[in-house]
Amino acid sequence: MKNKVSIIGAGMTGSTTAHWLAEREIADLVLVDVVEGMPQGKALDLQQALPVIGKDVTIVGTNDYEATAGSDVVVITAGLPRKPGMSRDDLLIANAAIVRKATEETIRRSPDAIYVVLTNPLDVMAYLTMKLSKLSPERVIGQAGILDSARMRAFVAMELGVSVENIQCYVLGGHGDEMVPLTRHSNVAGTPLREILSPERLEAIVNRTRKGGGEIISLLKTGSAYYAPAVAVTQMVDAILKDKHLIVPASAYMQGEYGLKDMYFGVPVQIGSKGIEKIIEYKLDAAEDAALRKSADAVWQTTEALLSLVNI
Ligand code: APR
């Protein structure tokens, strides 16, 4: 029997995730959205692309959660972007309501699913999903670290003219402007970045990585990035379905790791069929530790805002 992945939110990120996943032929897919006809249309279009690339999976688009029953993985990427005049708190309340509905509707139909959450603000939406689903924390993972690290890898590759395959970068922390690109751990075919790039160039790459999402928003004018976020989710789903024990940065529930408790935060995790198998604690130097604390403070403030605005 094929695996089943349900994607809640068939917008740019959701439908692009379906595209990447269909290419890997690892699961039947269900796309759910509130817009009538849109998920059905996208699913049909994608289904009709598969004969050309020779992939046999079924893609269903729907406005109804019934089709999600028995999913192995649920991806939540439904949400609203921030509109003019909307405060961060307004967005928090609106997206929390959307994520609540997505979680409640899916968990009763797929009690054994692993959740991958993308809706922003990412770390607190993953927290909300974990609390509402009552799943154990290792079954709810937030997508951010693969994306942020991939952005840094792309910038390093562009700078050095080296294959992206040779470049490993690790970006930890919350998915926001305070994220922490770890330059000491990042390397090009084993040589630390700090030995290859001047401090100025490295700092420029770190800053561009931190603002990577914003750079794309300002270029697109409407909407935000979706190719890279979607392929990052695809890698996580692949690791879950294939039980790969893959180590990547992702947003995980902190229970004392890195000195943090009761919040989701971007750290290196090992992902397999049960979700997060292990949280890896890097030894950080004083500067890295300080940067991580600053990022954690920012995520903690949004988590507190969530708790004060929304009944969990
Ligand atoms: N249930 C299902 N789908 C919903 C709901 C809901 N209650 N509310 C909104 N949606 C759908 C919208 O109809 C839209 O199709 O969520 C989709 C969001 O898609 P886009 O607006 O294209 O946004 P996208 O770029 O895909 O980003 C979605 O992921 O990366 C994050 O910051 C991003 O929070 C945002 C989310």
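This is a predicted model: local features need pLDDT of at least 70, side-chain atom pairs count only at pLDDT 80 or more; totals for chains, interfaces and linings use all residues.
Reader: What makes the radius of gyration of the chain agree with a compact globule?
Author: Set the two values side by side. A compact globule with 312 residues would have a radius of gyration near 20 Å, and the chain has 19 Å, so the two agree. Along its principal axes, the C-alpha trace spans about 55 × 50 × 40 Å.

Reader: And what is the chain built from?
Author: The secondary structure comes to 10 helices and 14 strands. Buried residues make up 50% of the 312 residues.

Reader: Why is Ser133 called buried?
Author: Buried means under 20% relative accessible area. Ser133 has 9% relative accessibility, so Ser133 counts as buried. You'll find Ser133 in helix H4, which covers residues 122–133.

Reader: How do you know that the side chain of Ser133 has polar contacts with Thr129 and Met130?
Author: Check the distances against the cut-off, which is a pair of N or O atoms within 3.5 Å. A polar atom of the Ser133 side chain lies 2.7 Å from the backbone oxygen of Thr129. For the backbone oxygen of Met130, the distance to a polar atom of that side chain is 3.2 Å. Leaving aside neighbours within four places in sequence, Ser133 is also in contact with Thr103, Ile107 and Val140.

Reader: What about Thr303, buried or exposed?
Author: Same test as before: the limit for buried is under 20%. Thr303 has a relative accessible area of 1%, so Thr303 is buried. Thr303 is found in helix H10 (residues 286–309). Setting aside neighbours within four places in sequence, Thr303 touches Val124 and Tyr127, in the sense of being in contact with them.

Reader: Why is Lys221 called exposed?
Author: Here the cut-off is over 50%. Lys221 has a relative accessible area of 67%, and therefore Lys221 is exposed. Lys221 sits in the loop between helix H8 (212–220) and helix H9 (227–241). Lys221 also has a positive phi, about 70 degrees, although it is not a glycine.

Reader: Where is Tyr258, and is it buried or exposed?
Author: Tyr258 is in the loop between strand E12 (246–255) and strand E13 (261–272). Its relative accessibility is 7%, so Tyr258 counts as buried. The phi of Tyr258 is positive too, about 55 degrees, although Tyr258 is not a glycine.

Reader: Which peptide bond is cis, with omega near -5 degrees?
Author: That's the bond from Asn120 to Pro121. Pro121 lies in the loop between strand E5 (114–117) and H4.

Note on methods. Residues are numbered from 1 along each chain as its sequence is written. Side-chain values use heavy atoms; hydrogens and water are left out. Helices (H or I, at least four residues) and strands (E, at least two) are DSSP runs, numbered from the N terminus. The radius of gyration is taken over C-alpha atoms; the globule rule is 2.2 Å times the number of residues to the power 0.38. Buried means under 20% relative accessible area, exposed over 50%, partly exposed in between (1.4 Å probe, protein chains only). A polar contact is a pair of N or O atoms within 3.5 Å; within protein, one must be able to donate a hydrogen and the other to accept it, and residues adjacent in sequence count only if both atoms are side-chain atoms. Contact means heavy atoms within 4.5 Å.
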